[in-house]
Amino acid sequence: MMLTGSAQLTRTSATCPKLLIGTRGQVRSSQSVEYCGRVFSRDQLPDDERVSWSDGILELSKQEKVKPQALTCRMLCMSVKFVHRVSPGKSFARPGTPIRKQRRSMAPPLAAMPDVRTPRVLSIQSHTVQGYVGNKAAVFPLQLLGFEVDPINSVQFSNHTGKYFHIRCYSIVRGQVLDGDQLWALIEGLEANDLLYYTHLLTGYIGSLSFLEMVLQVLQKLRAVNPNLIYVCDPVMGDEGKFYIKPELAPVFRSKVVPVASMLTPNQFELEILTGSSIRTEKEALQACETLHALGPSQVIITSLDIDNKLLLIGSDKPNKDEPAKQFRISMPKIPAYFTGTGDLMTALLLGWSYKYQNDLAKAAELAVSSLQGVLRRTISDYEEAGVSPNLKQLELRLVQSQTEISSPKLAYRAEKL
């Protein structure tokens, strides 16, 4: 039918109620039309709309005829013509209604509501289609530990690059890199729908200065929504004396990222970069933790420290600046194999268990180390059963097969207080 008039139509005949923008209609059949919440037969349509029926044709005006099966509804609204075509049985919103006004109300996700106790993590890391590194190594374990995890993939590659390790498994890598503007667009989308409430922000490998700067803006926005948000930062910069990133990013990590982090999880090389000091002894490692505490983070965990041919994890917890830090070490076995994603997995486990044991970082670290070692043992076992020597390949973590080791690890590694 043709509806004409101003932005608000006010025809109120006995057979036609008040027509308002936002009402809904439906083509019922060739003999009836539903609009304004009522069903009208051809005999009930208002005469002043110049609508008549003849030979199965709905005549809209002297110049235009259409079949009811392809009914055209027109309305002049705010000097703009809106045309909607609908078929029998298909509902339509009143012409002239902006799309944003036509959205159906829906319940918000429970995970996005501040009063729901399930912790919620925004994880900004790399992603690979095949293999477990970055978000692929972090999201699933955190979900097993009871977290809602929303991943943003800083890069999306077909497989890991292998450039961080001694042996290159794959000669070809394909994929895309997310830039800072694209990251911000995702955050704006979440904000527009009131979905920016998170308990944690987790970040890993960041390869460009612009993206790192944008991550800091994201953190600022998240803390505006939840001032108690915990920022767990794995400052991925390199290992064994070699940079993974451009060296010019290191000062930005030191001056801008460290001061706003809640928990830092560097390895030995990254600790040296962040503090500007050489770490050769356990005492120097503990002093470096104190240096980082003074800059901002209350929790520092050195995830791997190779001293005197021993592999250690060093933890330091200083929730109160006026009190001495609670420091500990955990001895770990050296495994003669190369793995991918162990650092990403370790940081995720530390986030998960430290939330469950908020006043006992040593206990959380014990569980994280025990869980990681359980995953590594399962991975080696599966490769050996497949006839693959674990010391010849970069081993992809067997996360799906290690669900028990992740969610309910056997406490096999104990923390020693220092």
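The following legends describe close-up views of side-chain arrangements in a predicted model. Local features require pLDDT of at least 70 and side-chain atom pairs pLDDT 80 or more, whereas totals for chains, interfaces and linings use all residues. Residues are numbered from 1 along each chain as its sequence is written, and side-chain values use heavy atoms, with hydrogens and water left out.

**View 1. Phenylalanine 147 and tyrosine 355 form an aromatic pair.** The whole structure holds 2 aromatic pairs (rings of Phe, Tyr and Trp, the last by its six-membered ring, with centres within 6.5 Å; planes under 30 degrees apart are stacked, over 60 edge-to-face, the rest tilted). In this edge-to-face pair the centres are 5.5 Å apart and the planes lie at 65 degrees. Phenylalanine 147 lies in the loop between helix H1 (135-144) and strand S11 (148-157) and tyrosine 355 in helix H7 (residues 342-356), so the pair joins parts 208 residues apart in sequence. Helices (H or I, at least four residues) and strands (E, at least two) are DSSP runs, numbered from the N terminus. Phenylalanine 147 is buried at 4% relative accessibility, and tyrosine 355 is partly exposed at 25% (buried, under 20% relative accessible area; exposed, over 50%; partly exposed, in between; 1.4 Å probe, protein chains only).

View 2. Aspartate 150 belongs to strand S11 and arginine 120 to strand S10 (residues 120-128), 30 residues apart. Arginine 120 is buried, at 5%, while aspartate 150 is partly exposed, at 23%.

**View 3. Leucine 122 belongs to the largest nonpolar core.** Such a core is a set of buried Ala, Val, Leu, Ile, Met, Phe, Trp, Tyr and Cys residues joined through side-chain atoms within 4.5 Å. Among its 53 residues, Leu122 and Leu183 touch the most other members. Helix H3 (residues 209-225) supplies the largest share, 8 residues.

**View 4. Glutamate 405 and arginine 378 form a salt bridge.** The closest N and O atoms are 3.2 Å apart. Glutamate 405 is buried, at 19%, and arginine 378 is partly exposed, at 29%.

Technical notes:
A salt bridge is a side-chain nitrogen of Lys or Arg within 4 Å of a carboxyl oxygen of Asp or Glu.
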